Amino acid sequence: MKKIVLLISVILQHFIGLAQPNVVWSKSYPDSTFGAVISDAITDNAGNIIIAGARPYDNFINSIEPVVLKYDPSGNIILFWTHSDSLLDERTTQIVCDSLNQLYLLTLVYGTSQATVHLIKIDGVTGQELFNYPLGTGIYAGAIGINHQHLYVALGLPNLVLFKYDLQGN
């Protein structure tokens with residue numbers, strides 16, 4: 001009877017062990033003392049992991065800025081970008097990457113009478129901001145998509161609005 005109980009115990013431990021994933025690496029956002037909100041995570045063409053979100057600006061709890069972090073496949077941070085040009089709240093809602101590893105993100109800016117949606121392009125290697133277009137006020141960021149030649153942005157409220165851009169923002 002003891003052998004059967006021991007055998008069942010070993011089998012259960014084996015199956016319980018199979019249910020637990022092995023963590024290859026784990027990283028903490030280096031500046032998250034005051035909290036961070038993650039809104040999207042993607043990979044680029046080289047397998048790097050790109051995380052878009054928001055964090056408190058300059059340690060003020062009531063002012064939020066968008067942030068993009070890029071990690072190589074080993075977990076080393078290779079890009080940090082943030083947009084902290086005002087005291088308005090601005091949150092990243094979604095991010096996409098083109099075939100040249102350029103990053104396009106939608107942000108939602110609060111702090112004025114109506115929310116404003118911005119389309120921002122940043123260089124995926126240097127973090128340089130290449131353009132920043134306000135798309136409209138009183139609407140909420142919806143979705144962003146990309147193919148080899150065009151960027152598509154769908155926004156809503158009160159009506160659906162669809163924008164089509166080339167990859168230079170025209």
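# Strands, rings and cores

Colleague: Is Y165 buried or exposed?

Modeller: Y165 has a relative accessible area of 11%. Buried means under 20% relative accessible area, exposed over 50%, and partly exposed in between (1.4 Å probe, protein chains only). At 11%, Y165 is therefore buried.

Colleague: What is left out of the side-chain values?

Modeller: This is a predicted model: local features need pLDDT of at least 70, side-chain atom pairs count only at pLDDT 80 or more, and totals for chains, interfaces and linings use all residues. Residues are numbered from 1 along each chain as its sequence is written, and side-chain values use heavy atoms, leaving out hydrogens and water.

Colleague: How many strands does the protein chain have?

Modeller: Helices (H or I, at least four residues) and strands (E, at least two) are DSSP runs, numbered from the N terminus. Along the sequence the pattern is α-β-β-β-β-β-β-β-β-β-β-β. Besides one helix, the strand count is 11.

Colleague: In what order do the four strands of the open sheet stand?

Modeller: Two strands pair if DSSP finds at least two bridges between them. Here the pairing is antiparallel, and the order is 5-6-7-8.

Colleague: Which are the edge strands?

Modeller: An edge strand here pairs on one side only.

Colleague: How many bridges join strand 7 to strand 8?

Modeller: Strand 7 covers residues 116-122 and strand 8 covers residues 129-137. K121 stands opposite F131 in strand 8. The two strands run antiparallel, and the number of bridges is seven.

Colleague: What is the phi of G127 in the turn?

Modeller: Strands 7 and 8 form a hairpin with six residues between them. The phi of G127 is positive, about 85 degrees.

Colleague: Is T116 buried or exposed?

Modeller: T116 belongs to strand 7. Contact means heavy atoms within 4.5 Å. Leaving aside neighbours within four places in sequence, T116 contacts T107, L108, V109, P134, G136 and T137. Its relative accessibility is 13%, so T116 counts as buried.

Colleague: How many aromatic pairs does a search of the whole structure find?

Modeller: Rings of Phe, Tyr and Trp (its six-membered ring) pair if their centres lie within 6.5 Å; planes under 30 degrees apart count as stacked, over 60 as edge-to-face and the rest as tilted. The whole-structure search gives three.

Colleague: Why is the pair of F131 and Y133 stacked?

Modeller: The ring centres of F131 and Y133 lie 4.5 Å apart. F131 counts as buried at 9% relative accessibility, while Y133 is partly exposed at 29%. The F131–Y133 pair is stacked because the planes are at 10 degrees.

Colleague: How far apart are the ring centres of F163 and Y165?

Modeller: This pair is stacked because the planes are at 15 degrees. F163 is partly exposed, with a relative accessible area of 21%. The centres of F163 and Y165 are apart by 6.0 Å.

Colleague: Which residues of the largest nonpolar core touch the most other members?

Modeller: A nonpolar core is a set of buried Ala, Val, Leu, Ile, Met, Phe, Trp, Tyr and Cys residues joined through side-chain atoms within 4.5 Å. The largest has 16 residues. Those touching the most other members are L119, L135, I144, L151 and V153.

Colleague: How many residues does the second, separate core have?

Modeller: Its members include I42, W81, C97 and L105. The count for this second core is 12.
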